[in-house]
Amino acid sequence: MLQIFFNYIKISLIASTIVLLIIMVTPLTKKRYSNRWRYYVWIMVSVMLIIPFNLSIKNAPINIKPQSIQNIVIGRDISENIEPVQPIEKQGDYNDTTQNSSVFNIHHIIWLWLIVAVLYLIKNYISYFRYKKDIFRWCYSCDDETKSVFEQTKKQLNINKDIELLKCDYINSPMLIGLFKTKVLVSKGDFSKEDLKHIFLHELTHYSRWDIGIKMFILFAKAIHWFNPFVHIMSKMANEDIEICCDYDAIKKQDSKNGKDYIKTVFKVMKLNGNRKVILSTNFNGGKNRMKAILEYNKKRKGKLLLIGMIVLLLSSQLLIACNDSKSDIEKQKQESKEYIIKDLGYAISLPKSIADNVKIDRNGETVSIDTKFGGTLVFITRYSKKDYPDRKALDKFIEETSPVYLIYLGETEKDYVCYNFPSDVQYDLNDKAMTKKYKDLIKMFDDKSIAFRALSKEESDSKNIIGYVKKYDKNTNSLAIDEVEWLTEEDSDRIKELGYDIDADLPNGFIIHNADNKVSEYVLDENAKFTILKYIGSGEAVSADKDSFIKRVKEWKEFDSEGMLIKITLKDNKVTNVIEQYVP
């Protein structure tokens with residue numbers, strides 16, 4: 001649902017740009033081009049506004065990030081909501097501040113959007129049905145001469161469907177009403193036979209063009225995008241253009257003399273007080289713009305180049321602007337993420353590389369914190385026993401009524417629920433502008449997908465992981481000869497100091513591979529072992545592989561580097577159950 005909402009926001013922005021552009025170019029084009037090109041643009045934009053097509057190409061040059069939309073819609077900046085208190089040592093003392101989940105808030109916004117859209121439609125349809133009820137009480141059958149003119153006009157337009165013709169004393173001017181059970185209503189007034197012919201020609205041209213259906217599309221577009229003033233402006237302009245284009249087509253169906261007589265009839269009817277504007281109906285309403293457009297019809301071009309230009313702009317906007325993480329982006333994020341396994345707590349979390357490169361994982365008892373490398377905590381992760389909270393309802397009740405901080409559900413293990421929350425106090429030196437900016441930039445990267453959670457399987461909990469270079473594969477024993485190493489990062493600062501390395505000098509890429517003794521050990525492969533290798537040597541993209549592909553890669557690495565292929569293996573019951581080729585930047 002989130003993605004559909006974001007697609008609608010993207011489409012609404014594109015439509016706003018198109019409407020604004022048309023408003024700007026109309027004064028320059030109205031003397032030379034008719035309104036017909038705008039009519040077709042409104043139809044395309046309305047369909048686009050209703051159906052949230054996502055035609056964006058892979059790696060679109062413009063990508064509106066959903067998180068940025070959340071910030072705009074909600075007006076929320078986590079870092080701006082933090083009140084200056086004390087540094088992070090006091091982890092137990094939190095005030096119940098306005099620390100709300102972005103996901104929680106955006107779903108409230110979505111519900112509000114849907115409710116208002118539905119209410120908007122209900123209001124319009126209630127108004128329509130009430131209006132129908134009012135006017136039909138005053139309707140009665142027309143005389144035979146009027147019916148004869150009506151049937152002749154239907155025949156002229158090749159309309160075979162039965163359309164009911166009624167006289168109505170309630171309305172001020174003739175109208176077409178109803179989408180499926182369409183009726184033509186003739187108002188009280190002194191209309192000659194020629195007048196009736198032109199009135200019927202106008203209303204039945206609306207019918208043959210399916211203008212009421214188009215008005216319904218525009219209504220749905222307005223309902224969905226009720227928050228966008230440009231869509232309401234589009235609706236007003238579109239309804240005007242529908243009437244004008246109907247006049248164009250009606251005039252085109254007649255010779256020069258009858259065309260002039262048609263224009264006179266239209267002007268005569270327009271002088272009458274217009275009917276109330278309701279959905280699923282047409283009217284003779286109009287002003288100077290309509291009168292001028294009808295009189296100058298033959299002097300203007302259709303505007304095909306303008307229409308083509310707008311179509312190109314619409315399609316290119318859809319293709320070049322994205323508002324979602326495409327499948328490839330999600331895969332890329334997974335490939336570029338870093339996983340942290342907290343084995344004793346039974347779960348693992350993954351962070352995007354853009355965040356992981358700037359943070360470290362710390363522990364304070366059963367609370368895990370994601371801390372910046374320059375100081376300050378971004379997120380606290382806490383587990384809650386299922387013994388205390390037997391189901392999600394109990395946990396949600398605790399979060400809503402009792403919890404001292406606003407908790408965001410992350411996932412669950414067999415025994416626990418796991419939640420996270422943002423700190424309620426300042427995590428940086430307010431006087432240090434550089435640190436303040438770095439902290440705010442980093443915390444803005446967080447959204448509902450920033451922390452990927454997974455519960456550890458029983459196998460993982462009972463297993464052991466080893467990193468090392470593959471020296472050879474023995475086919476006879478189905479075993480790997482591995483030179484075990486230590487993969488150390490800045491988070492292993494104590495171990496790095498113990499080994500005599502300098503973090504700044506020896507870890508230019510954020511890690512170091514320590515090989516203590518070059519001792520080679522043999523590990524037997526389980527018959528159901530799983531293999532993951534890099535797509536090609538040196539790439540960061542991982543793919544699943546079979547054993548033969550893995551063995552082939554081992555040989556390739558021996559030719560490429562004498563150290564061999566660096567892998568991470570998982571041992572269970574002294575057998576290798578999982579093999580992952582380690583990416584070395």
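1. A salt bridge is taken here as a side-chain nitrogen of Lys or Arg within 4 Å of a carboxyl oxygen of Asp or Glu. By that criterion the side chains of Asp441 and Lys437 meet in a salt bridge, at 2.8 Å from N to O. Because Asp441 and Lys437 are four residues apart in helix α15 (residues 433-444), about one helical turn separates them. Asp441 is partly exposed at a relative accessible area of 33%, whereas Lys437, at 54%, counts as exposed; buried means under 20% relative accessible area, exposed over 50%, and partly exposed in between, with a 1.4 Å probe and protein chains only.

2. On the basis of the model: this is a predicted model, in which local features need pLDDT of at least 70 and side-chain atom pairs count only at pLDDT 80 or more, while totals for chains, interfaces and linings use all residues. Residues are numbered from 1 along each chain as its sequence is written, and side-chain values use heavy atoms, with hydrogens and water left out.

3. The chain contains 19 helices and 22 strands, where helices (H or I, at least four residues) and strands (E, at least two) are DSSP runs numbered from the N terminus. Of its 585 residues, 45% are buried. Among contacts with a separation of 6 or more, 68% are between residues 24 or more positions apart, a contact being heavy atoms within 4.5 Å.

4. The structure holds 20 salt bridges, and one of them joins Arg36 to Asp249, with the closest N and O atoms 3.0 Å apart. This pair links distant parts of the chain, since Arg36 belongs to helix α2 and Asp249 to helix α8, 213 residues apart. Both Arg36 and Asp249 are buried, and they take part in a network of salt bridges that also includes Arg209 and Asp211.

5. Arg454 and Glu339 also form a salt bridge, at 2.6 Å from N to O. With Arg454 in strand β15 (residues 452-455) and Glu339 in strand β8 (residues 337-342), the pair ties together parts that are 115 residues apart in sequence. Arg454 is partly exposed at 28% relative accessibility, as is Glu339 at 35%.

6. How do α7 and α8 pack? Their axes are 10 Å apart, at an angle of about 175 degrees, and the two helices are therefore roughly antiparallel. Axes are lines fitted to C-alpha atoms, for helices over the stretch in contact, and angles run from 0 to 180 degrees between N-to-C directions; those under 35 degrees count as roughly parallel, over 145 as roughly antiparallel, 65 to 115 as roughly perpendicular and the rest as oblique. The axes of α6 (residues 193-209) and α8 (residues 229-252), in turn, come within 9 Å and cross at roughly 110 degrees, which makes α6 roughly perpendicular to α8. The residues in this contact include His206 and Arg209 of α6, and Asp247 and Asp249 of α8.

7. Two backbone positions deserve a look. Most residues other than glycine have a negative phi.
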